[in-house]
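Hello,

Here is the structure I promised to pass on to you. My notes on it follow below, with the cut-offs given as each term comes up.

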Amino acid sequence: SLPNSLEEIAINAFRNCSSLTSINVPSSLKKLGIAAFSNTKIKEFTLPSAVTEVADYLFQDCNSLEKVVLHKNVHLIGNYAFSHCSMLTELSLSESLFSIGSYAFSCCTKLTNINVPNTVEFMGTNAFEYCNSLKNVNIPSSLKALPDETFYYNDGIESIHIPGNIEIVGSYIARDSDSLKTITMEEGVRIIKSYAFYDASSLAS
């Protein structure tokens with residue numbers, strides 16, 4: 001167990017602890033470093049309320065992670081934060097969230113539902129690539145562009161609604177998304193970049 005005096009867990013602190021299945025972090029914790037729990041067997045994790053950022057690579061390759069509780073103060077999810085968390089099924093994102101990094105949920109193959117709040121103003125590339133159980137994702141009204149490869153090789157997504165606040169639809173956003181049947185775009189979209197829906201073989205309208 002970790003002491004109640006603990007304020008920071010630094011970069012790579014528990015990385016590759018391949019037998020670590022659970023860890024209880026105290027409420028005194030204020031910061032989690034890059035890849036602090038990467039490639040562990042942690043199954044559940046509750047982020048302390050004083051921690052406002054999910055660091056880059058924090059849970060990358062945690063392929064036993066099923067549940068994460070993020071509190072309302074989290075404003076940033078870093079690059080590759082949950083990449084290859086193949087057992088993660090659902091995650092609630094708070095209305096304080098401002099930024100989702102590149103590859104944040106890449107290869108979360110059992111993620112079925114995620115609600116991106118309308119406070120998100122930045123999203124990196126490949127955020128939801130290979131999320132093959134994800135059928136629908138709301139695109140927040142706070143974004144101005146849909147980044148490249150957002151849903152790249154996503155075999156589960158069936159429909160995409162692009163609101164009018166999105167001016168640019170990125171390259172390869174739904175390439176080889178074989179279940180994609182419908183796309184609706186509101187007035188306001190100015191540019192659809194190259195290969196945006198390339199090889200989406202079921203796209204009918």
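Predicted model: local features only at pLDDT ≥ 70, side-chain atom pairs only at ≥ 80, totals over all residues.

Helices (H or I, at least four residues) and strands (E, at least two) are DSSP runs, numbered from the N terminus. Residues are numbered from 1 along each chain as its sequence is written, and side-chain values use heavy atoms, with hydrogens and water left out.

Back to serine 102. Its relative accessible area is 18%, which makes it buried (under 20% is buried, over 50% exposed and in between partly exposed, with a 1.4 Å probe and protein chains only). Setting aside neighbours within four places in sequence, serine 102 has contacts with Asn79, Tyr80, Gly124 and Thr125, where contact means heavy atoms within 4.5 Å. Between the C-alpha atoms of serine 102 and arginine 175, which are 73 residues apart along the chain, the separation is 17 Å.

Next, the aromatic rings. How many aromatic pairs does a search of the whole structure find? There are 16, counting rings of Phe, Tyr and Trp (its six-membered ring) whose centres lie within 6.5 Å; planes under 30 degrees apart are stacked, over 60 edge-to-face and the rest tilted. Phenylalanine 59 and phenylalanine 82 form a stacked pair, because their ring centres are 5.5 Å apart and their planes stand at 15 degrees. Phenylalanine 59 is in the loop between β4 (53-54) and β5 (67-69) and phenylalanine 82 in the loop between β6 (76-77) and β7 (90-91), so this pair ties together parts 23 residues apart in sequence. Both phenylalanine 59 and phenylalanine 82 are buried.

Tyrosine 172 and tyrosine 195 are also stacked, since their ring centres are 5.1 Å apart with the planes at 5 degrees. Tyrosine 172 sits in the loop between β13 (168-169) and β14 (182-185) and tyrosine 195 in the segment after β15 (191-192), so parts 23 residues apart in sequence are tied together here. Tyrosine 172 is partly exposed at 22% relative accessible area, and tyrosine 195 is partly exposed at 44%.

Ring pairs also join Phe14, Phe37, Phe45, Phe59, Phe82, Phe105, Phe128 and Phe151 into a cluster. Several of these names return in the largest nonpolar core, which has 58 residues; Phe37, Ile77, Phe82, Ile100, Phe105 and Phe128 have the most contacts inside it. Such a core is a set of buried Ala, Val, Leu, Ile, Met, Phe, Trp, Tyr and Cys residues joined through side-chain atoms within 4.5 Å. Beyond four places in sequence, phenylalanine 128 touches residues including Phe105, Ile114, Leu134 and Phe151.

On the cysteines, the count of disulfides (a pair of cysteine sulfur atoms within 2.5 Å) is zero. For cysteine 107, the nearest cysteine sulfur is that of cysteine 131, 7.5 Å away. Cysteine 131 has the sulfur of cysteine 108 as its nearest, at 5.2 Å. Cysteine 107 is buried at 14% relative accessible area, and cysteine 131 is buried at 0%.

Finally, an open sheet of three strands runs in the order β11-β13-β15 with parallel pairing (two strands pair if DSSP finds at least two bridges between them). β11 (145-146) and β15 are at the edges with a single partner strand each, so one side of each has no neighbour in the sheet. Two bridges join β11 and β13 in the parallel sense, and alanine 145 has isoleucine 168 in β13 as its bridge partner.

Best wishes
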